[in-house]
Amino acid sequence: AGYEVKWTKKFSKNDLSEVRIELSNDEQFSDFIVCHPKDGVKVNSYFICNMYPDRDYFYRVIEVPRTGSPAQVASGSFHTVGHVRMLRISGVRNVRDIGGWMTSFGRRIRYGLIYRSGNLDNIQTVGKEDFLSEGIGAELDLRDDSKLTQSKLGSKVEFTIIPTIHYLEGVTGSPETLVRDVEWIIDRVNKGIPVDFHCRLGADRGGSVSFLIEGLLGMSEPDLSRDYELTCFGEEERTRSYSSSHGYGSFGDMVNEIKKYADNPDNFTSAFYNYLIFRGIPAAKLDAFRETMLGPGYDSNTGV
């Protein structure tokens, strides 16, 4: 929903050249980003969106007149809650950062590197600007009927189509399309390149790719199911189901298939690691990915 900042205007709109909102996690504003209201100098409120959960934010509103000195007309602070970071990207549904979830390694998944979404076909200009501000450098399209030849975010964003099949058939089929998608994402992230992946709705195919990535990073089965269900809030009325089949098996079938690779029934996370190694992704690549996503100093051997 965002956080609404309001202020009392010091200058008339005819006298203003700019209104900017400076936003920082530091009360001293040693580092900050600048936001501009969509309607420029005409407004006296602004919704700050796409913030990181569980952080302190400080803001100040600056009016810049055509002549004379800029004036600070409002300031304040607030704290965000939760851990799931869902984003408002104009023209795109079901956008979220996969970071923030607690893992079996006792660490939270890092924000700002992997995003999942619905398709970007109709992304609006402001949405493009907002998404690019996240640092997106690569886009993976999972659709077999995509008409795109480059990213809607621009030619500077690496764009690839690797069509995939979801659920049980996706993890058992040959070639294993889900594994190819996961490795493509891992290769970019290991280079520090933020990635967005999507199918049409970001539900079944996107949900299956996310399942493998998040399971590798140590999310529990209940949390994997919660993340899967969050898609219901980003689309038209459509419920997901753990057990119903869409012709490719069900989400539950996929979970049970992956569990076969676990070291033991109490080590769910090992199943993803072993499965991806079995399907051909080198252990060194998986270890590097875990360290990237779980923070500096992470030891893949001990999980701390």
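A: What follows is a discussion of a predicted model.

Q: Which residues of the largest nonpolar core touch the most other members?
A: They are Ile 114, Ile 185, Phe 211, Leu 212, Ile 213, Phe 289 and Met 293, in a core of 47 residues. Helix α3, residues 177-189, gives the most to this core, with seven residues.

Q: Taking Leu 212, what does that residue touch?
A: Setting aside residues up to four places away in sequence, Leu 212 touches Val 171, Leu 178, Val 182, Ile 258, Phe 272 and Tyr 275. Apart from this core lies another, of 19 residues, among them Val 5, Leu 16, Leu 23 and Ala 71.

Q: On to helix α5: which of its residues are buried?
A: In α5, which spans residues 221-229, the buried residues are Asp 223, Leu 224, Ser 225, Asp 227 and Tyr 228.

Q: And what covers the buried residues of α5?
A: The cover includes the strands β8 (92-97) and β9 (114-117), together with the helices α2 (167-172), α4 (204-216), α6 (251-259) and α7 (268-278).

Q: How many cavities of 30 Å³ or more does a search of the whole structure find?
A: The search finds one, and about 30 Å³ of space lies in the largest cavity. Its lining consists of Arg 116, Gly 207, Phe 211, Glu 214, Leu 224, Asp 227, Tyr 228 and Phe 251. The elements giving two or more residues to that lining are α4 and α5. By class, the lining has four nonpolar, one polar and three charged residues.

Q: A change of topic: is Asp 141 buried or exposed?
A: Asp 141 is buried, because its relative accessible area is 0%. Asp 141 is found in strand β10, residues 138-141.

Q: What does the side chain of Asp 141 join in a polar contact?
A: The side chains of Asp 141 and Ser 146 are joined by a polar contact of 2.7 Å. Not counting residues up to four places away in sequence, the residues that Asp 141 touches include Leu 148, Phe 159, Ile 161 and His 198.

Q: Where is Asp 121 found?
A: Asp 121 is in the loop between β9 and α1 (125-132). With 27% relative accessibility, Asp 121 counts as partly exposed.

Q: Which residues is Asp 121 in contact with, leaving aside its neighbours within four places in sequence?
A: Asp 121 is in contact with Arg 143, Leu 148 and Lys 152. A polar contact of 3.0 Å joins the side chains of Asp 121 and Arg 143.

Q: Now the pockets. Which residues lie nearest the centre of the largest pocket?
A: Cys 35, Tyr 46, Cys 49, Asn 50 and Asp 130 lie nearest its centre, out of 35 lining residues. About 1,200 Å³ of space lies in this pocket.

Q: Which element gives the most to the lining of the largest pocket?
A: Strand β4 does, with four residues. By class, the lining of the largest pocket divides into 16 nonpolar, nine polar and 10 charged residues.

Q: And what of the second largest pocket?
A: About 510 Å³ of space lies in the second largest pocket. Of its 26 lining residues, Ala 1, Gly 2, Asn 50, Met 86 and Leu 87 lie nearest the centre. The largest share of the lining, five residues, comes from β7. By class, the lining of the second largest pocket has 16 nonpolar, eight polar and two charged residues.

Conventions
Residues numbered from 1 in each chain as written. Predicted model: local features only at pLDDT ≥ 70, side-chain atom pairs only at ≥ 80, totals over all residues. Heavy atoms only, no water. Buried < 20%, exposed > 50% of the residue type's maximum accessible area, 1.4 Å probe, protein only. Contact = heavy atoms within 4.5 Å. Core = buried A, V, L, I, M, F, W, Y, C linked by side-chain atoms within 4.5 Å. Polar contact = N/O pair within 3.5 Å; in protein donor to acceptor, adjacent residues only side chain to side chain. 1 Å grid on protein atoms, 1.4 Å probe; cavity = no way out; pocket = protein on both sides within 12 Å on 5 of 7 lines; lining within 4 Å. Points joined across faces, edges and corners; volume = space filled by probe spheres on them. Nonpolar A, V, L, I, M, F, W, Y, C, P; charged D, E, K, R; others polar.
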